[in-house]
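The following paragraphs walk through the packing of one model. Please keep the sequence and the 3D view open while reading.

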Amino acid sequence: MSISKYKALIKTVEFSSLTKAAEYLGYTQSGISHIINSLEGEYGFLLFVRNKSGVHLTSKGEEVY
């Protein structure tokens, strides 16, 4: 796991938005989504619940955060 993945995780939590995290970190929204999906694959569980109002950590996501 790389530090850039954790930066993406932290900024996504802070902004509750993949798009805003991407803008802040200089990625595209799909790039951040790919990074988060990669982290979820490494852990073997979902880190975020995604919906129209943004993203929110799952209970296991909170433990990782």
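Helices H1 and H2 are oblique to each other, a class left for angles that are not under 35 degrees (roughly parallel), over 145 (roughly antiparallel) or 65 to 115 (roughly perpendicular). The model is a predicted one, in which local features need pLDDT of at least 70 and side-chain atom pairs count only at pLDDT 80 or more, while totals for chains, interfaces and linings use all residues. Residues are numbered from 1 along each chain as its sequence is written, and side-chain values use heavy atoms, with hydrogens and water left out.

H1 covers residues 3-15 and H2 residues 18-25; they pack at about 125°, and their axes are 8 Å apart. Axes here are lines fitted to C-alpha atoms, for helices over the stretch in contact, and angles run from 0 to 180 degrees between N-to-C directions. Helices (H or I, at least four residues) and strands (E, at least two) are DSSP runs, numbered from the N terminus. On the H1 side the contact (heavy atoms within 4.5 Å) is made by Lys 7, Ala 8, Lys 11, Thr 12 and Phe 15, and on the H2 side by Leu 18, Lys 20, Ala 21, Tyr 24 and Leu 25. By class, this contact of H1 with H2 has 6 nonpolar, 1 polar and 3 charged residues, where Ala, Val, Leu, Ile, Met, Phe, Trp, Tyr, Cys and Pro count as nonpolar, Asp, Glu, Lys and Arg as charged, and the others, Gly among them, as polar.

H1 also packs with H3, at an angle of about 110° and with the axes 9 Å apart. These two helices are therefore roughly perpendicular to each other. H1 contributes Lys 5, Tyr 6, Ala 8, Leu 9 and Thr 12, and H3 contributes Ile 32, Ile 35, Ile 36, Ser 38, Leu 39, Glu 42 and Tyr 43. The contact of H1 with H3 divides into 8 nonpolar, 2 polar and 2 charged residues.

The buried residues of H1 (under 20% relative accessible area, with exposed over 50% and partly exposed in between, for a 1.4 Å probe and protein chains only) are Lys 5, Ala 8, Leu 9, Lys 11, Thr 12 and Val 13. They pack against H2, H3 (29-43), strand S1 (48-51), strand S2 (54-57) and helix H4 (59-64). After H1 comes Ser 16, with a positive phi near 50°.

Phe 48 belongs to strand S1. This residue counts as buried because its relative accessibility is 3%. Leaving aside residues up to four places away in sequence, Phe 48 touches Leu 9, Thr 12, Val 13, Ile 36, Glu 40, Val 55, His 56, Leu 57 and Thr 58.
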